[in-house]
There are 2 protein chains.
Amino acid sequence: MRFQSMLKFGNGVRNQCRMYMASGLPEFTQKHYNVKRNNYAIVDDKDVNFFGSLMGAQYVLQDAGTDDLLCYNVDFLRSVRGNSKLVLRPGTTQEISEILKYCNKRHLAVCPQGGNTGLVGGAVPVCDEIILSMARLNKVLNIDEITGIASCEAACILENFDAKAREKGLVVPIDLGAKSSCHIGGNLSTNAGGLRVLRYGNLHGSVLGVEVVLANGTILDLMSNFKKDNTGYHLKHLFIGSEGTLGIITKLAILCQTVSSSVHVAFVGLNSFDSVLKTFLNAKRYLGEILSACELIDERSLDASVKQYNLKSPIENYPFHMLIETSGSNAIHDSEKLNFFLEHCMNSGDILNGTVTNEVNKIQEIWKLRELIPTALIRDGFCFKYDISLPLRSFYDIVPVLEGHVGKLAKRVCGYGHLGDSNLHLNVSCEEYSRELYERIEPFIYEHTAKLKGSVSAEHGIGFTKKNYLKYSKSSEAITMMREVKKLLDPSGILNPYKVLN
Amino acid sequence: MRFQSMLKFGNGVRNQCRMYMASGLPEFTQKHYNVKRNNYAIVDDKDVNFFGSLMGAQYVLQDAGTDDLLCYNVDFLRSVRGNSKLVLRPGTTQEISEILKYCNKRHLAVCPQGGNTGLVGGAVPVCDEIILSMARLNKVLNIDEITGIASCEAACILENFDAKAREKGLVVPIDLGAKSSCHIGGNLSTNAGGLRVLRYGNLHGSVLGVEVVLANGTILDLMSNFKKDNTGYHLKHLFIGSEGTLGIITKLAILCQTVSSSVHVAFVGLNSFDSVLKTFLNAKRYLGEILSACELIDERSLDASVKQYNLKSPIENYPFHMLIETSGSNAIHDSEKLNFFLEHCMNSGDILNGTVTNEVNKIQEIWKLRELIPTALIRDGFCFKYDISLPLRSFYDIVPVLEGHVGKLAKRVCGYGHLGDSNLHLNVSCEEYSRELYERIEPFIYEHTAKLKGSVSAEHGIGFTKKNYLKYSKSSEAITMMREVKKLLDPSGILNPYKVLN
């Protein structure tokens, strides 16, 4: 089962924007990061008239000097703030094609925006780029219960798309905290990971086809309805994870899984990371094909969600907690496997205490403890968020290292995340944004990650805020080739500039 | 479990080459297909000396006019025959880099060759390209039992690589008939599918990183040890499935699955394709997470393997047979699920008869019936092989249509394959190669596939023999972009020319 999202990300917080402002939104990104604006044209009345005549004036939003476009210009984390004066809300692929063709000729920069739930400043403008909101392309196109293949337009909200799939006994193979407002097209553009990569794999494996509009307006039909389709180069992957810098995904087909009738969740406490690792290995061994999530939550992360949201945790005060979920087709079988696994881990002394349930309400209560951590940490005041992949053996070591490094500047340094995917969310919260703390963390954290041969971005992408750190995870030859690919697909550089590549 | 391969493909048949010649190998591809040789340089003594000094003369094989290079020039199916006079057998990535740098400057064409088990003429030269045999890069590099990540050089034979993984409780997530001689690097280059895509997904999902040598000799390090690594464009996918035309894969990291302790196989007989479809749906519903293969075998396909290899089938003479495999972590649970599923399908009248087993020997006997079909059909004399994806609802309709179309020119028209992936292997066998039959089948079969909105190549790729048919499955915009990508990565066109793109 998938639960209604407990969070309100992105568009969901739109009406809170003014409050954000009041609570200390950072200054304009361009100023804050001292970004030199590229030599793009500046939007004029003729441009606005063209877009109005193309789509209807009601879909062309202009800044009237009253911060009307603020929610399009500011990201969910309030960490970046663009200065766009124009938002376009096309309704069809053809309109997007016409817009890009026009912008390409006029040399106008464009920032595509989905649900605006990204965490690296990839979906909001850096300077005055035109914001191309995808929100109106939100139709589910087809869901085939026999093959499991579902297709939709890019701006389908993940939770809605999944709900439609479930009506046919299927589940969309991606799930993440922002599901109630993120767009599936944005998920593809950022190669989003989330809670169940362990079970469903990544989007490069499950996406069967995409429709893309290139910078020059060409509509590239790379749709496919087949799991096996080896006809020429697999171009669709260029657009999965390139964060809207190579083309704009407008449509997609994805392979869904059969929905699991039985879901169990265990929430357990452990004393050491060594026990966490052993428990993960045993989960893979004993739970095999029914293991669907394996999350790590350290003491301070749990404390954040419990305190900030006034939740009750079945167990508390262990250095480490694990949330282990199984999904299968037979509740009796699953329960036997899970109990056998838990007994083994308690006998070995790795799991000290815990709870296990297959009741929907209780499962949801437990998932809340994990899913509300990201926003709970923001409620601390301000939160620096890092998302790294690390070798499992030294997965958690970086948390105390960073804590020692930032000292009393931080309110809380904590780690949680997708242990089953070697993906740590490392967070540093404080009362309010502090440049001193920021400079204490970066680039230290990335240098340390590189030293451990980790990845500086596991699932959040590079966007704007990480582009200086790409070099820690990619060779110069690879970065050179990325530049060449960018130049091939978007020679004028109008698509989502200032992002991914320096 | 995975079984020792029952086939000897590719290099495994090298010593049978002379026999092939005697039995009627087609004439040179260049002549047969009237290929105009591109304006590449011709290998001279200076070139041979350079390669000898680089690698050692023993790794530079020349044609002495006695067909010594025949097995490198001829494909497994004996359907194409190149005319290369030079085979290079480098031992390191660095040597491959030096070779390509040299060839690129000299404008010498190169045909990379793995296990030579391909079925579309992609791995043998069309004219006189230098053959770059990968065979010596065959080291397993690392297998991590905790994360499940395994890395190796490109020419590891799939069966050997998998055996090493199994020593650590893991399974390489690809399996196909040619496993005893195909190279994992070749599997990646062709995005090979095989028997268990249903369970493990495709290689774009499971490959974590590659090392590639570009046409100009640049070594591109795109290796990664993480399931989640969103740092810039996901370039590795350009090399997965581009059949050696964009770069040569020299090393890779792949995510392995935990080995299943319990394997069951059911082999059942059915009267109609409608029953096949219902049974597949029920398999997904009742077997859920333990379903690991769902193969279809029609009556004539089964007859081929039974007769040509003198096998005994537990059931025979049904219009359709299905081989359904489960893999799980608990034999009792799996057996319960499987029995429940079979009972349901027998009660509904869809499955008429069958056998089910978890004994290794019996499982292997059943898989033989399926895995030996491809070579059994070659033993008919000559076999035209097609590999298409089709919408499941009309999956089998094309077989009788083709049969009617070719009439008595064929000995046997039959269909088998990976029903669970909508992937049909459609074969037409005859006593010996017949141009009349060939022209009767092609392009008819591709036109018909296109009409059904199928894919003209499910898992075999485009190679040389299908390149005229790419247009049936890809839009002209997509093909144009493929050409641009080719030009970007291999501007002189030295890598595997005459393949994939016209």
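Is the crossing of H3(A) and H5(A) left-handed or right-handed? The crossing of these two helices is right-handed, meaning that the near helix is turned clockwise from the far one by less than a right angle. This is a predicted model, in which local features need pLDDT of at least 70 and side-chain atom pairs count only at pLDDT 80 or more. Residues are numbered from 1 along each chain, and chains are lettered from A.

**View 1. Helices H3 and H5 of chain A.** The axes of H3 (residues 45-55) and H5 (residues 93-106) of chain A come within 10 Å and cross at roughly 165°. That makes H3(A) roughly antiparallel to H5(A) (angles over 145 degrees between N-to-C directions). Helices are DSSP runs of H or I with at least four residues, and strands are runs of E with at least two. Residues in the contact (heavy atoms within 4.5 Å) include Phe50(A) and Phe51(A) of H3(A) and Ile99(A) and Tyr102(A) of H5(A).

**View 2. An open sheet of 7 strands in chain A.** The strand order is E15-E12-E14-E13-E17-E18-E16, with antiparallel pairing (at least two DSSP bridges between two strands). Strands E15 (353-357) and E16 (382-389) of chain A are the edges. Neighbouring strands are turned by 15° against each other on average, direction ignored.

**View 3. Strands E13 and E17 of chain A with helix H12.** Antiparallel strands E13 (residues 291-298) and E17 (residues 412-418) of chain A are joined by 2 bridges. Ile297(A) has Tyr416(A) in E17(A) as its bridge partner. Helix H12 (residues 299-309) of chain A packs on the sheet, and its direction makes about 95° with that of E17(A).

Technical notes:
Heavy atoms only, no water. Axes fitted to C-alpha atoms, helices over the stretch in contact; angles between N-to-C directions. Parallel < 35°, antiparallel > 145°, perpendicular 65-115°, else oblique.
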